[in-house]
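Please keep the sequence and the coordinates at hand while reading.

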Amino acid sequence: MRIAAISDIHGNIYALMKALEDIDNQKVDMIICLGDLTGYGPHPNEVIALIKRREIPCLKGNYDASVVDGDFTFIRNTSINSFSLPWACEEVRASNKFYLSELPTSLDYNFEGSKIKFVHGSPNAINEYLFEDGVNTQEVMETTDCDILVCAHTHIPSFKKFGNKIFINVGSVGKPKIGRPNITYCLIDINENSDIKVKFRELEYEFKRIVKDTKMLNFPTPLVNSYETGNE
């Protein structure tokens, strides 16, 4: 079983198109999206349409939940979010808000005898950050009943073994925080012997297109610059 796990597209249709093009060349059995289709980027409706058209199982991200609520319920009230959240709430169509509202907060599968759980933040909260060396991550991995926990939200790809359990953060397709303006996503291979292989894909894409779009829409300069630098 080969799974491509993507997340945190954040309204960046150009990055999503490039990621899916690469995934199609990887001969995967399944694509799963861990959420945050909206926020920051200028094309949330186009992103949602493509995810729906490809019939990709998808989770609700914390930004998606806040766009549905119309408030800072699940996101930080920062200077960028004070622009991005109202903009996304106005931009995202009512039908797409309904789609976001109906998305699950976790998905559980059993592949080749391995239990795998997909969440956006953590099994405890949609907006909890799980870093590989975090104390809370250790606690989550000790208490989870799955063999593989796959999360996102931090925008930083990582992989770590906790005893017999595996922790994976898939990174971000559309809003990287790796110091480079590149897409990251994860390939997970599970064979019949429960042998698990994890590989991260980092892809360049035409980020100048989204920079141009955000400038035309008068997005805040720090937000525009983040697409060029790969930093928050």
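Two strands are taken to pair if DSSP finds at least two bridges between them. By that criterion, in this predicted model, strands β8 (residues 183–190) and β9 pair in the antiparallel sense over 8 bridges, and C186 has F200 in β9 as its bridge partner. The points below place this pairing in its surroundings.

**Overall form**

- The chain contains 8 helices and 9 strands, and its C-alpha atoms fill a box of roughly 50 × 35 × 35 Å when taken along the principal axes.
- The radius of gyration of the chain is 17 Å, which agrees with the value near 17 Å that a compact globule of 232 residues would have.
- Of the 232 residues, 54% count as buried, while the accessible surface of the chain comes to about 10400 Å², with 46% of that area belonging to carbon and sulfur atoms.
- Among the contacts in the chain with a separation of 6 or more, 67% are made by residues 24 or more positions apart.

- An open sheet of 4 strands runs in the order β2-β1-β8-β9 and shows mixed pairing; β2 (30–33) and β9 (196–203) are the edge strands, each of which pairs on one side only.
- Neighbouring strands of this sheet are turned against each other by 25° on average, direction ignored.
- Helix α1 (residues 13–24) packs on the sheet and touches β1 (2–6), β2, β8 and β9, with its direction making about 30° with that of β8.

**I23 in helix α1**

- I23 has its place in helix α1 and, with a relative accessible area of 1%, is buried, because buried means under 20%.
- Leaving aside the neighbours within four places in sequence, I23 is in contact with A4, I6, V28, I31 and Y185.
- The C-alpha atoms of I23 and A5 are 9.6 Å apart in space, and the two residues are 18 residues apart in sequence.

**Salt bridges**

- The structure holds 8 salt bridges, and R76, K177 and E232 are linked in a network of such pairs.
- E232 counts as exposed at 58% relative accessibility, whereas R76 counts as partly exposed at 40%.
- E232 also forms a salt bridge with K177, the closest N and O atoms being 3.6 Å apart; K177 lies in the loop between β7 (165–169) and β8, so this pair joins the segment after α8 to a part that is 55 residues away in sequence.
- D133 forms a salt bridge with K160, with the closest N and O atoms 2.9 Å apart; the pair links distant parts of the chain, 27 residues apart, since D133 is in the loop between β4 (114–119) and α6 (135–143) and K160 is in strand β6 (residues 158–162).
- At 61% relative accessibility D133 counts as exposed, while K160, with a relative accessible area of 26%, is partly exposed.

Definitions and conventions. Residues numbered from 1 in each chain as written. Predicted model: local features only at pLDDT ≥ 70, side-chain atom pairs only at ≥ 80, totals over all residues. Heavy atoms only, no water. Helix = DSSP H or I, 4+ residues; strand = E, 2+ residues; numbered from the N terminus. Axes fitted to C-alpha atoms, helices over the stretch in contact; angles between N-to-C directions. Contact = heavy atoms within 4.5 Å. Salt bridge = Lys/Arg side-chain N within 4 Å of Asp/Glu carboxyl O. Buried < 20%, exposed > 50% of the residue type's maximum accessible area, 1.4 Å probe, protein only. Rg over C-alpha atoms; globule rule 2.2 N^0.38 Å. Areas by Shrake-Rupley, 256 points an atom, 1.4 Å probe, with all protein chains shown as cover.
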